[in-house]
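I opened my notebook to get to know a new model. Here is what I looked up, entry by entry.

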Amino acid sequence: MDNDFDLTALRVFHSVVRSGSFSAAARDLGAPRSTVAKKVADLESSLGVRLVERTTRSMRVTTEGEVLASRAERLLADASDLRRRLTDAGQAPRGHLRVGMPELFEQISMGPIAAHFRHRYPEITLELVTSRQPGDLIEAELDAIIAFGPLPESSLVARQLIKGSMTTVAAPGLPGLDAVRHPRDLDGMPLIDVPQHWIRQWAFVRGDEEEVLRITPVLTFGSMLTARDAAVAGGGVTKIPTILARPEIAAGRLVEVLPDWRGPAKDLFVVFPSARSVTTRLRAFLDVLREHVEAGAAARRQD
């Protein structure tokens, strides 16, 4: 039997004890409850003892669990400090870095960023994993996650990378486009949607005005890139992240619809377990990422 500590499982167990339940720990960690339960079960299996007695309505920390819980915070702090000392010990950052991010951000941005990172830090291997939610930090054992906001409440640490928005666009020659002056004028236009939730609606803001439009799209996709391409081909009006729309508008393949009305915020964040969990290799990656993000923002301001 493997008696080595799984620090991720120990962190999850510590959160369960501190919050008083598996559900509360799942909310704090931004992870599914099933993942929290499995991590604790794996830790129990590894140690060969029962740490938590569970029923359908309650939980009780066992004597062995109380012993471990009393030491867990110090153990986790010591482990983080040791990892930081090892990676900061007067040498260039090295090792493996595993970062999750939305497929869209990886496809439109990460190629040149990853290449630049590799040239600057050749001793670090970088693995990018498709991820949609901060809870994947625990489930997929990632060093950090890049995620679109808004983010759920949790004990994880989040730092904003990009303050973004959604832009409504269509091909220049789309029939009926000239008559669109207000969000309600989109009623009857062919709409292309990438649903973010089960309610089909688009929100618009102009100053203090807010308009929410219930929609019936003619085309529905799971990818913003596909929605963009369909709009370029004349398939209808769509809402996509501004960072994705801007190049197509500049090239004349798309035009902005309702330019006085803005879509909801689409901010991008980097999320990691705690400030103590930031190694030199993760810090190096975030530095390169911020450089590219800030350079892109400066170039857009000059346009």
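I began with where α2 and α3 meet: F22, S23, A25, A26 and L29 in α2 touch R33, V36, A37 and V40 in α3, a contact being heavy atoms within 4.5 Å. By kind, I found 7 nonpolar, 1 polar and 1 charged among the residues of this contact; Ala, Val, Leu, Ile, Met, Phe, Trp, Tyr, Cys and Pro count as nonpolar, Asp, Glu, Lys and Arg as charged, the others, Gly among them, as polar.

A note on my source: this is a predicted model, where local features need pLDDT of at least 70 and side-chain atom pairs pLDDT 80 or more, while totals for chains, interfaces and linings use all residues. Residues are numbered from 1 along each chain as its sequence is written, and side-chain values use heavy atoms, without hydrogens and water.

Next I looked up how the two helices cross. Helix α2 (residues 22-29) packs on helix α3 (residues 33-47) at about 110 degrees, with axes 8 Å apart. That makes α2 roughly perpendicular to α3, a label for angles of 65 to 115 degrees.

Then I turned to strand β5 (residues 144-148), where 4 of 5 residues are buried, meaning under 20% relative accessible area with a 1.4 Å probe, protein chains only. β5 pairs with β3 in the parallel sense over 2 bridges (pairing takes at least two DSSP bridges), and I145 is the bridge partner of G100. With β14, β5 pairs in the antiparallel sense over 4 bridges, and F148 has L268 as its bridge partner.

Last, I checked the hairpin of β9 and β10: 6 bridges join these antiparallel strands, A203 partners V212, and G207 takes a positive phi near 60 degrees.

How values were computed
Buried means under 20% relative accessible area, exposed over 50%, partly exposed in between (1.4 Å probe, protein chains only). Axes are lines fitted to C-alpha atoms, for helices over the stretch in contact, and angles run from 0 to 180 degrees between N-to-C directions. Angles under 35 degrees count as roughly parallel, over 145 as roughly antiparallel, 65 to 115 as roughly perpendicular and the rest as oblique.
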